[in-house]
Amino acid sequence: MYDGDISSVLVTEEQVREKTAELAQQVAGDYADLVRDGRESDLVLIGVLKGAVMFMTDFARALPIPAQLEFMAVSSYGSSTSSSGVVRILKDLDRDIAGRHVLIVEDIIDSGLTLNWLLGNLQTRSPASLEVVTLLRKPDAVKVDVPVRYVGFDIPNEFVVGYGLDYAERYRDLPYIGTLDPSVYA
Ligand code: 5GP
């Protein structure tokens, strides 16, 4: 599939699976006491569409505590490969998160601008707590320091695709994360 388009595999399917299980165990341990008694105290996972969809569903299944799944879609005003920090909500949450323990599930943190905006926005809705889990982070690309409690992999500052991440809406369906061959951009 996508023969020749991927120049190298950065994170294999197996590594994604292992890391997801590890993060889920860590989160479950940290939240076990907070979310133990009933529906209203279930952890709320907020996945950011579309990139986080694969990680969100695998993470939720690996998580051994009850969690409710919510999705938001945001778009950053910027070029297709860099973000501006000015964000527009394309799809908002379906429910109130006031008083709830909320965990944002992100695919990748690049400049951090989108997440920084999202944290500010969700904080105004008075959740009981608000934390972030991200599968990938590019430490060398960070423009704003966002507090991210759970990080899967720190990766080099390169454009990656796969496991939810796209280039022009393609490659989201790859089960691993890789870099694109320059011929694809040409
Ligand atoms: P940030 O605001 O942190 O710069 O960027 C956040 C969003 O930009 C991510 O949620 C993702 O949609 C997109 N993005 C950032 N880096 C990459 C990348 O390497 N590959 C892909 N496909 N999308 C990226």
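Author: What follows is a set of questions and answers on a predicted model.

Reader: Is strand 5 largely enclosed or open, and how many of its residues are buried?

Author: Strand 5 covers residues 101-109, and a residue is called buried when its relative accessible area is under 20%. The strand is largely enclosed by the rest of the structure, because the number of its nine residues that are buried is nine.

Reader: Which residue is the bridge partner of Ile 104 in strand 6?

Author: Strand 5 runs parallel to strand 2 (residues 43-49), with four bridges joining them, and on that side Ile 46 stands opposite Ile 104. Strand 5 also runs parallel to strand 6 (residues 129-137), to which eight bridges join it. In strand 6, the partner of Ile 104 is Val 132.

Reader: Which hand does the β-α-β unit of strand 5, helix 3 and strand 6 have?

Author: Strand 5 and strand 6 run parallel, and helix 3 (residues 113-123) belongs to the unit together with these two strands. The hand of this β-α-β unit is right-handed.

Reader: Where is the peptide bond that is cis, with omega near -10°?

Author: One of its two residues, Lys 50, lies in the loop between strand 2 and helix 2 (53-62). The cis bond is the one from Leu 49 to Lys 50.

Reader: Is Tyr 163 buried or exposed, and what is its relative accessible area?

Author: Tyr 163 sits in the loop between strand 8 (160-161) and strand 9 (177-180), and its phi is near 50°, a positive value in a residue other than glycine. Since buried means under 20%, Tyr 163 counts as buried, with a relative accessible area of 7%.

Technical notes:
Residues numbered from 1 in each chain as written. Predicted model: local features only at pLDDT ≥ 70, side-chain atom pairs only at ≥ 80, totals over all residues. Heavy atoms only, no water. Buried < 20%, exposed > 50% of the residue type's maximum accessible area, 1.4 Å probe, protein only. Pairing = 2+ DSSP bridges. Right-handed = clockwise from strand over helix to strand, strands pointing away.
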